[in-house]
Amino acid sequence: MFGRLLIVLGAAALLHAAFSTYEHLSYLKALGRLEESVPNDVTLEALVGLFLGILGASLDAPALKEITWASEMKKRSIDEMDSRLGFANWSNRGSTLLGESYGKGQ
Amino acid sequence: MDLPSALQKLSTFRARNTRASQETFDKGLVVLKGNGLKKLGDESWSFLEQLALAAIDVGRLDIADRCLQLLTDKFPGSPRLDCLHGIRKEVTESPAAVLLYYGKLLQADPVNVALWKRKISVLRRIGRIDEAVAELIELLDTFYTDVEGWLELVDMYCSVHQYISSLQSLSHVLLLAPQNPFHVLRFAETAYTAGDIPLAMKSFLNVIDMADADEDAPAEQVPSGFTIRAWFGIKQCACRLQRERITSPSQTAVPEHVQLFDELATERLKTVYAGRDKSDKEATEVLEWLARV
């Protein structure tokens, strides 16, 4: 939750800095002074936006999972490993015991 | 139960080849009724196959026939569907008729693995196990890397108590899937049943070795999963090696310090069962047995 909030704030700061840069550059173009650079506080705002975004993305990451093969195998069971579905027996005595009524739902 | 969790569980079952037919059927019915087929898109066909098999297994042939009808409308004349129709026939028709059906299809296409496996399965079921073994060996000569086929051969040999042949087939399985501890566990237990206790002990220790391959990280405090079974196996082997003089048919050396293995296995099993609830009858019985033996 906190991570999401930081990502939103970082994105907002970045967008605001971008818009400020655009406004400042059009102001300079109107005045004809194109040699000047973007003011320092806009740069600072962009960097703050970057930092907040990185922090928010790290906090918002999903939980880490185990990577070892052994830990994955510990979660499996013998039935899964030995299921042999290609050879499995799908028939049973139901059709012999229940005759015609076998296989219909209630 | 809602649709997304049911779909996720079903796709896990498909990936892991689980045969939990009642659960698959219940969840599959939810998906079918809840209009899930459109959500699945391309995966809906493998889902329908899975649901058809689960429905046949729990005895709901009406749902199975409905799924098969949907699949046949989409894929007429597909060999994979021929196999499913054969399975459906196995339930209601006589084995002779089913074998005739498979025989006819295999004559047209002799190397269709799925149909061949079904034929072997029917032969085994009706008791013609020597024919089943002969056909399965022919299949494995053609398709050596079929681990499922080798495992079925292992099971067939075990069912007629030919444990040496079973061990030989298991060694092929271990060649093909060396990193799977469950196959090594099966090898160990089959060796114990065949009477080769030192080989069984060595294989059980192999299984424990596979349980924690990372030597830098600390071993887990309480064994879980297949390791509990392996510790039981080590305990049994150690007890027998201490009581009797055992010679190994495969000339495996008897390990030194058998007494230490016995104590280690007892301690590991105690940590598993001592942590359980006092009302757990299984845990109290195991702890009593460990104290006694």
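This is a predicted model: local features need pLDDT of at least 70, side-chain atom pairs count only at pLDDT 80 or more; totals for chains, interfaces and linings use all residues.
**View 1. The largest pocket and the residues that line it.** The volume of this pocket is about 630 Å³. Its lining is made up of 23 residues, and those closest to the pocket centre are A:Leu85, A:Trp90, B:Asn17, B:Glu49 and B:Leu53. In chain B, at least two lining residues are supplied by each of helix 1 (3-16), helix 2 (21-33), helix 4 (44-58), helix 6 (79-92) and helix 8 (113-125). Helix 4 of chain B provides the largest share of the lining, 5 residues. Sorted by class, the lining of the largest pocket comprises 10 nonpolar, 7 polar and 6 charged residues.

**View 2. B:Trp45 and its contacts.** B:Trp45 is located in helix 4 of chain B. The relative accessible area of B:Trp45 is 24%, so the residue counts as partly exposed. Leaving aside residues up to four places away in sequence, B:Trp45 touches B:Leu70, B:Leu71, B:Lys74 and B:Phe75. B:Trp45 and B:Leu70 are 25 residues apart along the chain, and their C-alpha atoms are separated by 8.8 Å.

**View 3. Packing of helix 8 and helix 10 of chain B.** The axes of helix 8 and helix 10 (residues 147-159) of chain B are 13 Å apart, and the two helices pack at an angle of about 10°. Helix 8 of chain B is therefore roughly parallel to helix 10 of chain B. From helix 8 of chain B, B:Lys117, B:Ile120 and B:Arg124 meet B:Glu148, B:Glu152, B:Asp155, B:Met156 and B:Ser159 in helix 10 of chain B. By class, this contact between the helices has 2 nonpolar, 1 polar and 5 charged residues.

Methods. Residues are numbered from 1 along each chain as its sequence is written. Chains are lettered from A and ligands numbered from 1 in the order in which they are written. Side-chain values use heavy atoms; hydrogens and water are left out. On a 1 Å grid over the protein atoms alone, a cavity is a set of points where a 1.4 Å probe fits but cannot get out, and a pocket is an open set with protein on both sides within 12 Å along at least five of seven lines; lining residues have an atom within 4 Å of a point. Grid points are joined across faces, edges and corners, and a volume is the space filled by probe spheres set on the points. Helices (H or I, at least four residues) and strands (E, at least two) are DSSP runs, numbered from the N terminus. Ala, Val, Leu, Ile, Met, Phe, Trp, Tyr, Cys and Pro count as nonpolar, Asp, Glu, Lys and Arg as charged, and the others, Gly among them, as polar. Buried means under 20% relative accessible area, exposed over 50%, partly exposed in between (1.4 Å probe, protein chains only). Contact means heavy atoms within 4.5 Å. Axes are lines fitted to C-alpha atoms, for helices over the stretch in contact, and angles run from 0 to 180 degrees between N-to-C directions. Angles under 35 degrees count as roughly parallel, over 145 as roughly antiparallel, 65 to 115 as roughly perpendicular and the rest as oblique.
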